[in-house]
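Dear colleague,

Please find below the structure that I promised to pass on to you. My notes on a pocket and on some ring pairs follow it.

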Amino acid sequence: MLTDITFGQYYPGKSVLHRMDPRFKILIIIAYVVVLFFIHKIGGFIIPAVFLLVEVILSKVPSKMVIRSVKPILPLIVFTAILNMFFVAGTPIFKLWIFEPTWEGLYNAVVMVIRIILLIVSTSMLTFTTTPIALTDAIERLLSPLKIIHFPAHEIAMMMTIALRFIPTLMEETNKIISAQKARGADFESGNLMARAKAMIPILIPLFVSAFRRAEELATAMECRCYNGGENRTKLRQLKITRLDWFAVGFMLLLISCVIVTNIYLPF
């Protein structure tokens, strides 16, 4: 039921993307996401889409995993597209009772769908090619300048990484609970919306109990290992910047330049 959710998972490998400095990967992804929101023409997405396709090929992550990262968001994508089609003023395509989709709404819907898909795939590639430990170190290093104002950079990075790390674990736990409830005769697929919502209660209660239990076990394990935050902590693997990282930055700057040009000169 929830096996299609791959967000937060790491795919082991030794590809070019796996070897990149995680700090640069985070910054590049942030820049890529910002660029996507500045594009308002369908043709402007061609270059970012090619950039992302090259990234997926270089990462050597199976295409099935990439597709599965988009599938859980499909209902949201469809809902967003419908809203844009029917609630954007413009030239009507047809009229059915009170519903009147417009060509401008259809255009906006296509732009929104492309943007969301590229956004989900690009952010998923970050977790596919970066271990949780490397992600923690990178976030902490990027937030370290804020320590001057006593910002808890290490603690924030640790919380974010633990949250990402336990998404697949909680999904697996949910599947086990659903299978156990079905074996006891529970029905999650028949009935109206209210009946299905009530049927989710036997899933949510054990899931919350399991999540709190895992959180307590993790806290106990960290205390037993004398964890006391980021003060005076050393790291086994030091982050190093290589030529590959600077090449990726240059490639990203080229992408931004191309997007600016296409936004200005493309007619559609």
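The second largest pocket has a volume of about 340 Å³, where a pocket is an open set of points on a 1 Å grid over the protein atoms alone, with a 1.4 Å probe fitting and protein on both sides within 12 Å along at least five of seven lines, and the volume is the space filled by probe spheres set on the points. This is a predicted model, in which local features need pLDDT of at least 70 and side-chain atom pairs pLDDT 80 or more, while totals for linings use all residues. Residues are numbered from 1 along each chain, and side-chain values use heavy atoms, without hydrogens or water.

Eighteen residues line this pocket, and Leu-17, Met-20, Phe-51, Leu-58 and Ala-248 lie nearest its centre; lining residues have an atom within 4 Å of a point. Helix H11 (243-265) is among the helices that supply at least two lining residues, and its five residues are the largest share; helices are DSSP runs of H or I, at least four residues long.

Four aromatic pairs were counted, meaning rings of Phe, Tyr or Trp (its six-membered ring) with centres within 6.5 Å, stacked if the planes are under 30 degrees apart. Tyr-32 and Phe-51 are stacked because their ring centres are 5.6 Å apart and their planes at 25°; this pair joins helix H2 to helix H3 across 19 residues. Phe-247 and Phe-251 are also stacked, at 6.4 Å and 10°, and ring pairs link these four residues, Tyr-32, Phe-51, Phe-247 and Phe-251, into a cluster.

Best regards

Definitions and conventions. Phe/Tyr/Trp six-rings, centres within 6.5 Å; stacked < 30°, edge-to-face > 60°.
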